[in-house]
Every structure is written in C-alpha cells, then in structure tokens.
Amino acid sequence: MSTLKVVALVGNPNVGKSSLFNAITGARQYVANWPGVTVARKEGVRIWRGREIKLVDLPGIYSLGAISIDERITRDYLLHESPDVVVVIVDALNMEQGLYLLIEVLEMRGNVVLAINAIDEARKRGIRIDRYEIEKHFGVHTVLTSAVTGEGIEELLDTILHVMDSKEVHSLVKLTYQPEVEERIREIEEIVKKIPRLSSYKPRWLAVKFLEGDEQVSRMLEEEGIKPLSEDEAKRFKELIAARRYEYIDAVLREAVRGEGRKMTVSDAIDHVMTHRFLGIPIFLSMMYLTFKFTFDVMSPFSDLIDQGMSRLGEWLSSIMGEGWVTSLVVDGVIGGVGAVLVFVPNIFGMFLALGFLEEVGYLPRAAFVIDRIMYKLKLSGRSFMSLILGFGCNVPAVMSTRGISDHRERLITILVSPFITCSARLPVYIMLASIFFKGHEAIVIFAMYVSSIALTAISATILNRILFKGEPVPLVMELPRYRLPTLKNLGLYVWERGKHFLQKAGTIILVASILIWILGSFPEEGSGSYAAALGKFFEPLFRPLGYDWRMVTALIFGMAAKEVVVSTFEMMYGDPAAVLPQVINPAVALSFMFFVMAYIPCFATIAVIASEAGGWKWALLSMTYSFTIAYIISLLVSVLGGMVV
C-alpha cells in the first residue's frame, strides 16, 4: 500500500461538508447547523482502489480572512500542513458564497477539487448545473455529489486520486482584478519575491491579502518594510476585490446554472412566519416551553421507574449485607447519592431529544436569526446566542464554541455570561424542588427558570459591556439550512453525544463526590456532628438572610464540583427530601434556592475552561465573583418578596 495521502475538506457552514465526510469515511459524528461548532478538525480514513486516503474535515467558514478562530484554523492548515488535495464543497442550491471561498483557495494553492453537494435537491427544484462550464471557468475538476443518496462519492474519490497522481498542475487560476488593483498587486509581488522569509508563500496571494487588509499578512509585509495602506485605501481595495470576485461568480453562474430554482419554496414560506419580526419571539418561547413540557410530563414516568428501581436495589443490598458502615456507604453513599442523580437521566435525555429535533429540523439557526435583533441591542449577535444555547447541555462546550466569534470583545463577554445559561446539571435540582413544592405546575416553573437564565444572561451582557467595553457587534452572517425531517441516526447521535457526559459524570465526579459527602457526613459522628455539618454551619450565617439551613449551604458548597451533586447531598443530608424539606423551608425559599443554583459559581470544569479560553485566571475569578454576587442578590429578592406572598 502506498504512502498515506491527505485530503482537506473545506466549505461554508451548512453545505453538507461534514455529512459528506461521514459518507466517505463512515465516521460517527454529529452534523451541526451553524457556524463555529466544528472548531477542531476531524479526521477519517478511507481505503479506495487499494490506496489509503486520510480526510480532514476543517471548520465551516465563509472566507479565509483569518478573523475568527475557525477561519484561522482552516487557513493555517492549508498554508502550513500542505494537504495533497483540497476539496471545496459548495451547496448546489446556493453556490455564490461557496464559489467565493473557492476563489480564495485557488489564489492560495493548486490541486483543488470542487464538489457541488445536494445535487439531488437541486434536481427536485428543476435546477440544472453544467459542471463543465464551471470547470472551464475555474480550471478545477468538478463533481456533482449528494451526501444523502451517495451520488458522486465514488467519482469524487476517483477524481481525488487522479489529481494526486497527475503531474499536471491542477486548479492554479489567476482571477484578473481591476487595473488599479492589478498595478498594486504587481508592485507588492516584486518586493515579496526578493524576501527569502516569504518564499514559502505565493507572492500574488500575499499581495491580494495585503490589499484586502488581512491583519496577519499586513503585519508580515509591514515588518519587511512595505508601507501600510491608509484606512481609505484599505477600504477601497477590499471593496474592489470583493466586487470583482462576485462579478465573476455571477457571470459563471449565468452560464452554468439553468432552471426555476428562484421561485418561493415551502421552506421560504415557513421562514416568513418563523423569522417574522413580531411572531418570531413568541414562536421561540413556545418552542422552548414545549421542550420543557415534554422534558417533564412525558419523561417523568421513566424517572419514577428508575427511582423505584434504585429504592428496591438499596433495600435488597441492605437485606443481604446487614447493618454496618460498609452497608451505609454502599446504600446511602453510592446508591443514594448516584441514584438520586440517575433518576433524572430520562428528563435530561428527553430535553436533548427535543432540542435535537429542533436543531435537526432546522429551527435553531432560525431562532438565532430572530434573537439576533435583541442580541444586537445588547452589543452581541446571533453568533453569541448559538454559543449560549449550547449551554443548555453543558457550559463547557458553550464557552469553547465562542472560538467561532470573530470579535474579541463579543467573544469575551459571551464567555463571561455563558455560565448563567441553565445547563443540564442544574435540571435535576429544578425538577427535585419543583416536584416537592410546585406540584402540577412543574413544567411552568422549570420553563420560568430557563427563561430567567436567558434574561439574566442578557442583562449581564449589557452590564459587562458597559463596564468593560464599548463598541458594536459584528453583524451575524449565516446561511439558514433547509428544513429537513430528522433522521433517527442523527437524533440518536445528538442525544447520546450530549447525554453521555451526564452518565460519565455519574460514574466519576458524582460517584466520588457522593462517597466524599458520605464520609464527611458520617464522621466523626453522623448528622449535625459531622465534618459536613461543621462546613455548612461555618458558612450558614452568610446564607441565613436567604433562609437556607446548614444542609442547603453544604449542598451548595459541594455543588461547585458539579451541580448534580446538590441533589446527592440533599438525598444524604435529608434522607427523604420530599418529606423533610416542606418542614424546613417554604416554596419562596425553595424558589430562591433554585435561582441561586441557576446563577452562582460555575462548576470547576467551566471555571478552568473560562480561564483557558478568556486568556487568564483573572477572567475566571471575575466570573466567579460576579456570578456569586448576582446569585445572592437575586435569591435574596426572591426569598424576601416571595415570603411576603406565601
């Protein structure tokens, strides 16, 4: 077998790039529907015609401007890791932006193949694409593909091998710009050719990027003595270059594309309603309410079954192990602590199932478009919303996904407010307290907590923006995916990829925490004389204005490791929370506690990621201090005002 060859897949978000990658490699990988999710490249291997081909799925991007982190990852990979072939994937129903990216890649390097994906959907709309016209104008081998039906995949693999093996130079195209631009390109090229340090770059590519105002390239060339452009020059050249590229693309598409694809589709008609400036927000809130209604009402019977199973398991183990501290550790510590959290697995998986359906069907990107109007007033954008909504699963990937936000200010603010979004770890706390104190209204209370977390996130973004930064957000540029019926495979993969982290925590962090809580709660003597009681009582005066007793305080302290541990601590401290808690606190204090859990210090994993992504521990400490302060103020107000009503 010959040497491993590397193929990079490049394309805009939502063109089916990752789906095509899956179809070729068979990789099990979820396909997201918005920019910024595929931050790290993904790799897979395919054996074809006796040859081993490694495919690298690079982040979905709109250009090679290296403004956002995902653009930088893609450009650096193409520049410095030199894949043997680059496959640029464009959407057959919306080719313009994809061909713009193709031109940028062609100016950088040769050996490029163009894959026009979703050709099956184009045919259904009566669109005919003459790939030979496209090949003629761009000088690239062009293949029509469908990641759904598998059409063109074998031809694409054959084409990749041909480009690898052929000695001719493929797809090295020179797009001629306006005379004024070409003159400046020639001047810069002549200088660049004489600089040994820049010999690994194509001089024309560097010249074009310099005129476009690319920060990285401009810095490189200015260090070599090339005079920087004035602000007016940079703006004019950038506009001229973009206009020429779009002019060329439009001319090619007029020759290569035929059909009635421009008429309004069912998807367009639905979008008029879903993204309506007045109806969009109520529709979004309704979708969220139905999500939590499904999460509680439909999935609760399954939770009850697990609860009964855990209780019977504990009783059975007690009967065969007898009395003693080992039995107490296993039954009360492990079964009681971990089991108290596992009871909520159906609810959490149910929430991911509902969110996965909304994402797969294509609604969530539209929600980002709707919310973008509100986010803009907060000096954020729909990009921030798409990162924040990931926090419904876990705050860690929400913080990490901000790498796709190009504006540094917006990215930092999004990182700092992300922990306020209610993650799945907080859901068990909400469900436990709502089931005890708000019977019959659980779904409404939980929905209110999620809406409150979004509102608190928005308010915090406004406050932090005014304190730390000034400026306007970068407008959201996003291709809305077509509406699709979700596949069971993708839905199952979505639910498992997000839900498995909860199960992993149950088997690691929560298990260890449950054992630790049992030890601290049992020694030197069980109950109020334990180490856990001493810890809770030490901080109890701070929380007394909120109405929390030492056991609730202890639960909050242990909950800093993982919010699910709050439930485990309640189970071990109160024995039967459903029976004991109503005698200790009233519904107002219970609601206050839910708000505190929603807003207070993030879990340890989130704190570490904030420090890493924001660029230092000072931002993590700011997040901890700010979130604790906000949590205390809100919970105090809820406890006091609610106490007047109850």
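Modeller: Helix α13 gives the most to the nonpolar patch, with 4 residues. The model is predicted: local features need pLDDT of at least 70 and side-chain atom pairs 80 or more, while totals for chains, interfaces and linings use all residues. Numbering starts from 1 along each chain as its sequence is written, and side-chain values use heavy atoms, without hydrogens or water.

The patch covers about 610 Å² of surface and is made by Leu313, Trp316, Ile320, Met321, Trp325 and Val326. (Members have over 30% relative accessible area and no salt bridge, with nonpolar side chains joined within 5 Å and like charges within 9 Å; areas are Shrake-Rupley with a 1.4 Å probe.) Two or more of these residues come from each of α13 (300-321) and α14 (325-342). Leu313 is placed in α13.

Next, the helix pairs. Helix α19 (residues 408-417) and helix α29 (residues 604-614) have axes that come within 10 Å and cross at roughly 170 degrees. The two helices, α19 and α29, are therefore roughly antiparallel to each other. (Angles run from 0 to 180 degrees between N-to-C directions; under 35 is roughly parallel, over 145 roughly antiparallel, 65 to 115 roughly perpendicular, the rest oblique.) On the α19 side, Arg411, Leu412 and Ile415 meet Ile610, Glu613 and Ala614 of α29 (heavy atoms within 4.5 Å). By class, the contact of α19 with α29 holds 4 nonpolar, no polar and 2 charged residues.

Helix α1 (residues 17-25) packs on helix α6 (residues 153-165) at an angle of about 85 degrees, the axes being 11 Å apart. α1 and α6 are therefore roughly perpendicular to each other. Leu20, Ala23 and Ile24 of α1 make this contact with Ile153, Leu156 and Leu157 of α6. Its residues divide into 6 nonpolar, no polar and no charged.

As for charged pairs, the structure holds 24 salt bridges (a Lys or Arg side-chain nitrogen within 4 Å of an Asp or Glu carboxyl oxygen). One of them joins Arg245 to Glu104, with the closest N and O atoms 4.0 Å apart. Arg245 belongs to helix α10 (residues 231-256) and Glu104 to helix α3 (residues 96-108), so this pair ties together parts that are 141 residues apart in sequence.

Two backbone details remain. The peptide bond from Phe523 to Pro524 is cis, with omega near -5 degrees, and Pro524 sits in the loop between α23 (509-522) and α24 (531-543). Ser82 is not a glycine, yet has a positive phi of about 45 degrees. Ser82 is found in the loop between α2 (69-81) and β4 (85-91).

Note on methods. Ala, Val, Leu, Ile, Met, Phe, Trp, Tyr, Cys and Pro count as nonpolar, Asp, Glu, Lys and Arg as charged, and the others, Gly among them, as polar.
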